[in-house]
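Thanks, everyone, for making time this morning.

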Amino acid sequence: MRGGKQVVVEPHRHEGVFVARGKEDALVTRNMVPGDAVYGEKRIAVESTVTPATGGNAPEKTEYRVWNPFRSKLAAAILGGVDKIYMPPGSKVLYLGAASGTTVSHVSDIVGPDGLVYAVEFSHRSGRDLLSVAKKRTNIIPIIEDARHPHKYRMLVGMVDTIFADVAQPDQARIVALNAQHFLKNLGHFVISIKANCIDSTAAPEAVFAGEVKKLIQDKLKPFEQLTLEPYERDHAVVVGIYRQPPKSKVKKE
């Protein structure tokens, strides 16, 4: 997608996310590392309307990266109309199931230089790609570890505002709850992508989603929004909610 004068970039209602209006509209994030593409995504350079501070005549350009909803559950949720993602600029996000860093790189753009993304990925192969993404993006802290064992990376992660999880494991609700107990601030938020056939391939997706919501509630995670990711992903849902810390004496030890 070519930028310049034929493309207008407007802020999306989610702070830190933008929409490029041109021949085709696209969801975009402001590139924290101009000139660098993470996974071969299109980039758009848009001329700023502001006169350059240098005093020259050439208008300054801002670079944006196109965010493909078919490659990112979070982008699919945004285009699907999710109410809030709870990742404004400057926020701290714990990202479970970071994979190669595709969506992580966009979250890095959204939270910006004053924010942080703790990116946890168990696979060493994906982890290598994640490490190379993090080398250029100073607000990503890559953690190659199993999200089932948050105590193993407790020295690396501070308290966070939001947990985003895309781990595609049968015990995903428990994984999120364990990490919330360690790192999520009281009244912090969680955004979870649930893949129905990873949990139970024999049950109807709606029944699986309802079962996962029940498990979350048992662990002091209070879901208040759920939406499917059609047409971008089949049998996927995103669940958004708030965390209320249990009293200290009731926190289970691992």
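This is a predicted model: local features need pLDDT of at least 70, side-chain atom pairs count only at pLDDT 80 or more; totals for chains, interfaces and linings use all residues.

What you see is an open sheet of seven strands, in the order β8-β7-β6-β9-β10-β12-β11 and with mixed pairing; strands here are DSSP runs of E of at least two residues, helices are runs of H or I of at least four, both numbered from the N terminus, and two strands pair if DSSP finds at least two bridges between them. The edges are taken by β8 (140-144) and β11 (221-228), each of which has a single partner strand, so one side of each is left without a neighbour in the sheet. From one strand to the next the twist averages 15 degrees.

Residues are numbered from 1 along each chain as its sequence is written, and side-chain values use heavy atoms, with hydrogens and water left out.

Within the sheet, β10 (residues 184-195) and β12 (residues 236-243) pair in the antiparallel sense over seven bridges, and His 189 stands opposite Ile 242 in β12. Helix α3 (residues 124-136) packs on the sheet by touching β7 (116-121) and β8, with its direction at about 160 degrees to that of β8; contact means heavy atoms within 4.5 Å, and the angles, on a scale from 0 to 180 degrees, are taken between N-to-C directions of lines fitted to C-alpha atoms, for helices over the stretch in contact. Helix α4 (residues 172-183) also packs on the sheet, where it touches β6 (92-96), β9 (160-165), β10, β11 and β12, and its direction makes about 160 degrees with that of β10.

Turning to the aromatic residues, the structure holds five aromatic pairs, counted when ring centres of Phe, Tyr or Trp (its six-membered ring) lie within 6.5 Å, with planes under 30 degrees apart called stacked, over 60 edge-to-face and the rest tilted. One of them is the edge-to-face pair of Phe 18 and Tyr 64, at 5.3 Å centre to centre and 65 degrees between the planes. Phe 18 lies in β2 (residues 17-21) and Tyr 64 in β5 (residues 61-66), so the pair ties together parts that are 46 residues apart in sequence. Both Phe 18 and Tyr 64 are buried, a term that means under 20% relative accessible area, against over 50% for exposed and partly exposed in between (1.4 Å probe, protein chains only).

Which residues touch the most other members of the largest nonpolar core? In this core of 32 residues they are Trp 67, Leu 74, Ile 78, Met 87, Val 104 and Val 107, where a core is a set of buried Ala, Val, Leu, Ile, Met, Phe, Trp, Tyr and Cys residues joined through side-chain atoms within 4.5 Å. Its largest share, five residues, comes from α1.

Finally, Arg 137 lies in the loop between α3 and β8, and with a relative accessible area of 1% Arg 137 is buried. Its side chain is joined to that of Ser 108 by a polar contact of 3.1 Å, that is, a pair of N or O atoms within 3.5 Å, of which, within protein, one must be able to donate a hydrogen and the other to accept it, residues adjacent in sequence counting only if both atoms are side-chain atoms.
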